[in-house]
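Here's a quick briefing on aromatic contacts. Have the structure open while you read.

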Amino acid sequence: MIDSIKAVVFDMDGVLRIGNQLIMGAENILVNLEKQQIQTMIVTNECRYTPDELREDLEELGLQIPDSTILYTAALSVRDFLRKKISKFPKRQFIIGIVGELGLYKAINELQQSYSNCHCIDTFQQLTDMLTQNNNSKQSIFLVIGTVNKIKINHLDKILKWVKQGAKVITTCMDACDPSSKGDFTLGMPNHMLHMVGYNIKTKPYSTGKPHPIFKDVIINSLSKQNDIQETDILFVGDTIYTDIRLAEESGFKSCLVLSGNSNSDTPQSYINEPDFIVQNVVELQTMFQQNHNK
């Protein structure tokens with residue numbers, strides 16, 4: 001199986017790092033794969049930071065990242081999903097609110113710069129004013145909920161008010177937890193916030209995080225720009241079966257489950273999605289590639 005791999009896509013938290021610590025021994029895995037002419041990419045359901053900020057953070061932890069390695073986040077997946085939606089309905093007004101951190105705000109606000117019918121606003125008063133002004137026009141209201149460093153009352157209040165005003169909810173991920181929460185603080189995941197207000201509202205949130213098909217498209221398009229890479233040439237490495245391994249299986253990628261994050265050796269028994277193989281961590285995977293390269 002290793003022989004046919006031309007590209008390796010890594011999840012980030014629980015795979016390359018846990019909290020503020022790099023997986024011990026993973027410092028050179030990306031550059032070593034590049035030396036073996038294997039392309040690399042990092043995709044994550046993290047949405048609080050921009051790709052440049054994440055690259056800087058990972059490098060500060062000691063991970064060597066080649067310039068050719070692409071980072072793609074859940075904030076970008078929401079942006080790209082909404083871009084398709086806005087392009088499809090050019091005569092409709094799109095009003096978008098955000099509950100999240102700076103990385104998500106930056107990604108979503110790019111849409112406002114590109115489309116005159118897209119309005120990214122922050123307060124409920126701005127929402128009601130805009131609805132009054134555009135009373136006779138076709139419009140869609142979306143509330144994008146991302147991971148936050150700490151859940152605050154104003155986050156919950158915003159969700160309640162926007163949903164009651166008719167906003168449809170998009171979440172950046174469907175994760176129940178995140179390995180990075182083993183760091184200095186417990187993260188507020190989108191589903192945590194929705195659960196906290198759930199008894200007051202009835203909404204059907206839609207997640208654009210892994211395993212949403214947009215990730216498959218981005219992975220294939222990004223990797224195929226440099227080489228002729230097909231789905232079966234790609235290995236996806238993740239620590240969560242219902243996001244990472246499901247994405248790989250539904251996309252036609254090969255998959256590797258690492259046990260350094262959300263999963264243990266018993267976890268696969270609970271899911272229909274199955275990894276092609278399981279390793280303790282990416283260091284073990286790196287050894288497999290090195291042994292194959294030295295044959």
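Which residue lies over the face of Phe-89? That's Arg-92, at 4.0 Å from the ring centre; a charge counts as over a ring if NZ of Lys or CZ of Arg is within 6 Å of the ring centre and within 35 degrees of the ring normal.

Keep in mind that this is a predicted model, where local features need pLDDT of at least 70, side-chain atom pairs count only at pLDDT 80 or more, and totals for chains, interfaces and linings use all residues. Residues are numbered from 1 along each chain as its sequence is written, and side-chain values use heavy atoms, with hydrogens and water left out.

**Aromatic pairs**
- Searching the whole structure turns up 4 aromatic pairs (Phe, Tyr or six-membered Trp rings with centres within 6.5 Å; planes under 30 degrees apart are stacked, over 60 edge-to-face, the rest tilted).
- One of them is edge-to-face: Tyr-72 with Phe-215, 5.5 Å centre to centre and 85° between the planes.
- Tyr-72 sits in strand E5 (residues 70-73) and Phe-215 in helix H8 (residues 213-224), so this pair ties together parts 143 residues apart in sequence (helices, H or I, of at least four residues and strands, E, of at least two are DSSP runs, numbered from the N terminus).
- Phe-94 and Phe-142 are stacked, at 6.2 Å centre to centre with 5° between the planes.

**Burial**
- Tyr-72 is buried at 5% relative accessibility (buried is under 20% relative accessible area, exposed over 50%, partly exposed in between, with a 1.4 Å probe and protein chains only), and Phe-215 is buried at 1%.
- Phe-94 is buried at 0%, and Phe-142 counts as buried at 8%.
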